[in-house]
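Try each task before reading its solution.

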Amino acid sequence: MPEPKIASFPAIRGALKFYQIASIITGVMLLLLLAEMILKYSPSHLELFLGGSGGFLWFADVIVGDGCQWYSLFVPGGMGCELTSVGDGANLSLMILVAHGWFYVVYLFACFRVWSLMRWPFLRFILLALGGVIPFLSFFMELRVSREVKAYLATREASAASAPAPEGAR
């Protein structure tokens with residue numbers, strides 16, 4: 001697999017910084033989404049609202065339909081299980097869901113930039129992309145990728161600086 005050209009190192013540094021920021025934001029959004037899902041689908045059945053009849057920031061009950069069993073919320077499609085929110089105001093739970101979904105697209109773009117500039121194999125891109133859907137993985141991947149890319153760039157720059165100049169450049 002070909003190595004990145006030294007001329008692309010500034011672009012790699014910029015892509016790495018963008019990836020670091022995107023992975024932290026995506027990781028935080030994923031943890032918020034996980035907390036929201038636990039509140040909604042656990043026996044507590046709550047959703048977070050902003051404004052409305054409950055005040056500035058409040059939890060509203062989610063009414064579980066008649067045909068629901070404890071396990072039906074974990075089955076894809078819900079087996080016809082219907083959840084109805086009784087809150088009014090801005091549904092922050094839904095906003096977190098939508099925001100994470102859209103920012104995951106930005107995160108995938110950041111992963112693609114680093115992956116393509118570093119000329120890594122495709123499996124590496126898949127591992128980077130999984131960081132946005134597996135809780136806490138984006139934090140570990142960000143740390144690992146940052147260290148690896150910075151070490152690679154430093155090693156390549158050091159070897160390029162110590163290499164003798166071409167004869168035409170003297």
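## Helix α2

This is a predicted model, and we begin with helix α2, which covers residues 92-118, 27 residues in total.

**Exercise 1. Compare the reach of α2 with the span expected at 1.5 Å a residue.**

Solution. Step one: take the reach from the first C-alpha of α2 to the last, which is 38 Å. Step three: look at the ends. At the start of α2, a side-chain oxygen of N91 comes within 3.1 Å of the backbone nitrogen of S93. After the helix comes R119, with a positive phi near 60°.

**Exercise 2. Find which residues of α2 are buried, and what covers them.**

Solution. Begin with the list: L92, S93, I96, H100, Y104, Y107, A110, C111, V114, W115, L117 and M118 are buried. Next, look for their cover, which includes the helices α1 (9-41), α3 (122-130) and α4 (137-162), along with the strands β1, β2 and β4 (90-91).

**Exercise 3. Decide whether S93 is buried or exposed, and name its contacts beyond four places in sequence.**

Solution. Second, apply the cut-off: buried means under 20% relative accessible area. S93 has 4%, so S93 is buried. Third, leave aside neighbours within four places in sequence; S93 then contacts E36, E47 and L48.

**Exercise 4. Work out the order of the strands and find the edges.**

Solution. Start with the pair β1 (residues 46-50) and β2 (residues 57-64), which run antiparallel and are joined by five bridges. Within this pair, F49 stands opposite W58. The hairpin of β1 and β2 has six residues between the strands, and G51 takes a positive phi near 75° there. Now move on to β3 (residues 83-85), which pairs with β2 over three bridges, again in the antiparallel sense. Here V62 has S85 as its bridge partner. Put together, four strands form an open sheet in the order β3-β2-β1-β4, with antiparallel pairing. The edge strands are β3 and β4, since each pairs on one side only.

**Exercise 5. Classify I63 by accessibility and list what I63 touches.**

Solution. Locate I63 in strand β2. Its relative accessibility is 48%, so I63 counts as partly exposed. Then set aside residues up to four places away in sequence: I63 touches E82, L83, T84 and V86. Of these, E82 is 19 residues from I63 in sequence, with 8.3 Å between their C-alpha atoms.

## Helix packing

**Exercise 6. Describe how α1 and α4 are arranged, and how α1 lies on the sheet.**

Solution. Two packed helices are described by the angle and the distance between their axes. For α1 and α4, the axes come within 9 Å and cross at roughly 170°. Angles over 145 degrees count as roughly antiparallel, and α1 and α4 are therefore roughly antiparallel to each other. Next, look at the contacts: residues of α1 including F9, I12, L16 and Y19 meet a set in α4 that includes F139, M141, V145 and V149. Finally, turn to the sheet, where α1 lies across β1, β2 and β3 and runs at about 120° to β1.

Note on methods: Residues numbered from 1 in each chain as written. Predicted model: local features only at pLDDT ≥ 70, side-chain atom pairs only at ≥ 80, totals over all residues. Heavy atoms only, no water. Pairing = 2+ DSSP bridges. Helix = DSSP H or I, 4+ residues; strand = E, 2+ residues; numbered from the N terminus. Expected span 1.5 Å × (residues − 1). Buried < 20%, exposed > 50% of the residue type's maximum accessible area, 1.4 Å probe, protein only. Contact = heavy atoms within 4.5 Å. Polar contact = N/O pair within 3.5 Å; in protein donor to acceptor, adjacent residues only side chain to side chain. Axes fitted to C-alpha atoms, helices over the stretch in contact; angles between N-to-C directions. Parallel < 35°, antiparallel > 145°, perpendicular 65-115°, else oblique.
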